[in-house]
Structure formats: C-alpha cells, structure tokens
Amino acid sequence: MIEEQQLEQRAVLVGVNLNHQEDFEYSMEELANLAEACDIQVVDQLTQNLPKINTSHYIGTGKIIEVRALLEAHEGNLVIFNDELSPSQIRNLEADLDCKVIDRTLLILDIFGQRAKTREAQLQVEVARLKYMLPRLIGLRESLGRQSGGVGTKNRGVGETKLELDRRRIEERITALGKELETLVAHRQVQRKQRKKNELPVVSLVGYTNAGKSTIMNAMLERYSPEQEKQVLEKDMLFATLETSVRSIPLQDNKAFLLTDTVGFVSKLPHHLIKAFRSTLEEVAEADLLIHVVDYSNPEFTRMLDITHQTLREIGISDIPVIYAYNKSDLTEQRIPEVQGNIVYLAAKPRVGISELIDEIRSRVFKDYIQCTMLVPYDQGGVVSYLNEHANIMETSYEEEGTKLVLECKQSDYGRYKEYVIEASN
C-alpha cells in the first residue's frame with residue numbers, strides 16, 4: 001500500500017497562452033484528459049499569457065514560484081507542460097521545482113506506449129520515443145534519479161536501462177528498429193497490392209481520437225458480416241486504436257468494400273509520432289473514400305474537425321472524397337438518422353443511421369458499375385457461376401441460345417465478358 005502511494009502521480013498542469021490563441025482553453029482541457037488517460041491525478045493548473053515563450057524556463061520566474069506553491073499545497077509530485085519543452089527547459093525547471101517535469105509530447109508518447117499491441121505499433125512508438133529522448137538524455141537521467149516509476153519513465157520496450165544508453169547506442173537502436181519496421185511495412189504493402197488486385201474499393205475511417213470510429217466499424221460488421229471474431233476494440237478512451245484494422249464489408253447485392261480503422265488524431269500530435277505512424281497512415285492515403293467521424297456531441301467538434309483536416313494535410317492527404325459521419329448525434333437536439341449533402345447524422349452505439357451511412361458509401365464507391373443484359377452460351381457455365389458470385393443478378397432466364405442475365409457488374413467484368421453483352425446502360 002505504501003508503495004502505491006509513492007507511485008501515485010499528482011500533477012499540476014502548466015500552459016502558456018501565446019498571443020491569445022483561440023484554442024488555448026480547449027488545449028488545456030485536452031491535456032487534462034491525456035493525463036487522466038495515463039492514470040495521473042490532476043490536482044491544479046496554472047496558465048500564463050505571454051507574447052513569447054521564456055527560452056530558459058518556458059514560463060516567467062514569478063510563475064515558477066506559483067507552481068512550487070501549488071505543488072506544496074496539493075502534495076504534487078509532477079508538472080506537465082502543454083507544449084514540447086527543450087532539453088535545457090526540462091533541466092532548468094526540474095532544478096527549480098525539485099520534481100519531475102514532462103511535456104505534452106512525452107505524455108502522448110506514453111499513452112501510445114501503453115496502448116500499442118502489435119509489433120509494428122510498438123516499434124513505431126519506440127522509434128518516436130527514442131528520437132524524442134535523444135537530445136534530452138541529460139535532463140531525463142536527472143529526472144529518473146528524482147523519481148522512478150510513473151509516466152515518462154516506464155514504457156514497454158523503453159525503460160530506465162534504455163534511457164541510460166549513450167547517444168550512439170540509442171542511434172544504433174533507432175537504426176535497428178527502423179530496419180525491422182521496414183520489413184513489416186513492406187509486408188503490408190504486399191497485402192495492399194493484393195487487395196488492389198481484388199479490385200475492392202477501400203473506405204477509411206479517420207477522425208479525432210474517441211470520436212467513435214471503431215464503434216462504426218463494429219456496427220457495420222455486426223450488420224453485414226456478423227462473425228464476432230472480426231470485431232475491433234471499442235473503448236471509451238483516448239487512442240484505443242493504434243493498429244490499422246482492415247475488414248471486408250460484404251453487401252447484399254454481391255458488392256463489397258474494405259473498411260479500415262486508423263489511429264485517431266489529437267491537437268499537437270508529436271511530429272515524431274506522425275512520422276513513425278506514417279506507414280500506418282498510408283492505408284488512408286490509398287483509400288477511395290474517407291469517412292471523417294466526428295463526435296457531434298462535443299461542443300468543440302469544429303475544432304476537432306480542423307485538427308483532423310490539418311493532420312491529414314501534414315501526411316499529404318487532400319484530394320480523397322469525404323463523407324462526414326456526425327456520430328453521437330443522439331446526445332444533441334439533432335434529428336437522427338438524417339443525411340444532409342455529405343453529412344450523415346447518426347449514433348453508432350445504439351446503431352441508428354448505419355444504413356444511411358452505407359447508402360452514402362455505396363453511392364460513391366460503386367460508380368463504375370454498369371447495368372447490362374448478357375446472353376451466355378450453355379457451354380460457358382463457368383462465366384455464369386462467376387457472375388452469380390461477383391455481380392448483382394437482377395433477372396435470370398433460359399433462352400434457346402443460352403442463359404440470359406440482367407445484371408449490374410464492375411466495369412472490369414463488363415470488359416472481360418463484353419462478347420456476351422446484348423444490351424447495356426450506365
């Protein structure tokens with residue numbers, strides 16, 4: 001019990017509002033949520049309005065005295081800053097505050113470290129973390145001496161022993177991990193090429209963390225492919241999904257598409273992480289359609305929309321068609337289900353609006369389908385079997401010359417069996 005009390009982390013949050021940033025309050029609120037996701041108790045917070053950051057301590061000297069007072073008043077043992085700190089800022093702050101100091105970046109890296117389940121995600125987080133730590137070795141060594149355990153010091157694969165490695169050993173480790181990652185990325189590229197050969201359209205779920213992307217994926221799987229082992233992790237917490245899940249969604253008329261669920265975004269997502277997860281996010285870059293999932297019940301949903309747009313631009317995604325899934329609309333005054341242009345108002349948890357979302361997906365990704373009538377000779381039974389399996393057969397009749405099919409098929413299949421077409425319309 002005594003040991004648990006020593007490890008309990010009680011944090012004071014500190015933020016600088018530079019030149020009256022519009023999203024500052026929201027950013028501080030989000031920092032508190034991130035801390036909570038790491039089982040840290042936030043005991044108080046302090047903010048300062050500044051025209052520019054204090055280069056030596058990030059905040060002014062008067063505010064350092066205030067932070068110390070807050071730590072003493074609440075028996076705090078950790079200070080979390082809302083921006084990425086430089087190595088010298090960490091050293092100076094820890095010396096003056098006499099406690100462990102971490103920044104928003106390290107907090108997010110720690111959450112990713114806790115959530116990473118697959119080898120690829122673990123490697124990506126470890127590379128990002130090592131790159132973050134490289135210029136901060138001195139400050140972090142001192143921090144470890146000050147207090148072991150807790151956020152910023154324990155992480156799968158990167159513990160105290162790793163922090164004590166010298167710069168060269170860390171660089172060698174980054175190189176070795178990078179090579180292992182390349183192998184995994186190459187394997188995924190092969191899988192992607194294989195999926196392209198299957199000619200199935202790819203639809204990617206993107207959006208802010210905890211907006212409900214995995215819930216939407218599970219709702220679709222439940223309806224169109226109810227094999228329970230295919231369900232993905234669905235949890236009301238930040239960054240529940242770090243791995244890219246790909247599932248096939250078969251529709252009733254022999255059409256199908258691949259649905260991918262990706263890592264959620266957050267404001268000030270560390271650039272090391274974006275870089276490390278770039279290969280995972282390539283799944284999004286190759287999609288035919290994006291479903292931008294929005295937590296419509298959150299009063300800050302427009303800000304979340306902007307952050308997701310900005311992150312997508314950073315990874316080079318700007319010209320893929322988008323449907324907006326305004327999720328959790330049941331918690332608002334909005335009538336559901338409702339479709340307005342490219343916005344679908346829905347509630348994934350109670351499964352309201354999933355059919356409407358599927359209809360919108362269908363109208364956008366199956367544009368290259370052609371309606372036609374084919375007459376297939378009886379000695380070409382294999383063609384009829386193939387079309388029954390891969391096309392939407394609306395009518396079948398048996399004529400003297402062969403099997404007559406009124407159907408809707410992919411353009412590629414239309415081209416392949418054009419010799420049997422007797423009538424066509426787009």
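**View 1. Tyr398 and its bridge partner in β14.** In this predicted model, Tyr398 has Thr403 of β14 as its bridge partner. Strand β14 comprises residues 402–410 and is joined to β13 by six bridges, the two strands running antiparallel.

**View 2. The open antiparallel sheet β13-β14-β12-β15.** Four strands make up this open sheet, and their pairing is antiparallel. β13 (392–398) and β15 (421–425) are the edge strands, each of which pairs on one side only. From one strand to the next, the twist averages 15 degrees. Helix α15, formed by residues 381–390, packs on the sheet and touches β12 (369–377), β13 and β14. The direction of helix α15 makes about 155 degrees with that of β12.

**View 3. The open parallel sheet β2-β1-β3-β4.** Four strands with parallel pairing form this open sheet.

View 4. Strand β1 spans residues 10–18 and runs parallel to β2, to which nine bridges join it. Within this pair of strands, Asn17 stands opposite Asn49 of β2. Helix α2, covering residues 24–37, packs on the sheet, where it touches β1, β2 and β3 (78–81). Between the direction of helix α2 and that of β1 the angle is about 160 degrees.

**View 5. Confidence along the chain.** The pLDDT averages 84 over the chain, and 85% of the residues score at least 70. Confidence is lowest in helix α1 (residues 2–7), with a mean of 46, whereas strand β11 (residues 343–345) has the highest, at 98. Over residues 1–6 the pLDDT stays under 50, and the model has two contacts beyond four places in sequence for this stretch. The pLDDT is also below 50 over residues 143–148, a stretch with 16 contacts in the model beyond near neighbours in sequence.

Note on methods:
Residues numbered from 1 in each chain as written. Predicted model: local features only at pLDDT ≥ 70, side-chain atom pairs only at ≥ 80, totals over all residues. Heavy atoms only, no water. Pairing = 2+ DSSP bridges. Contact = heavy atoms within 4.5 Å. Axes fitted to C-alpha atoms, helices over the stretch in contact; angles between N-to-C directions. pLDDT = per-residue confidence, 0-100.
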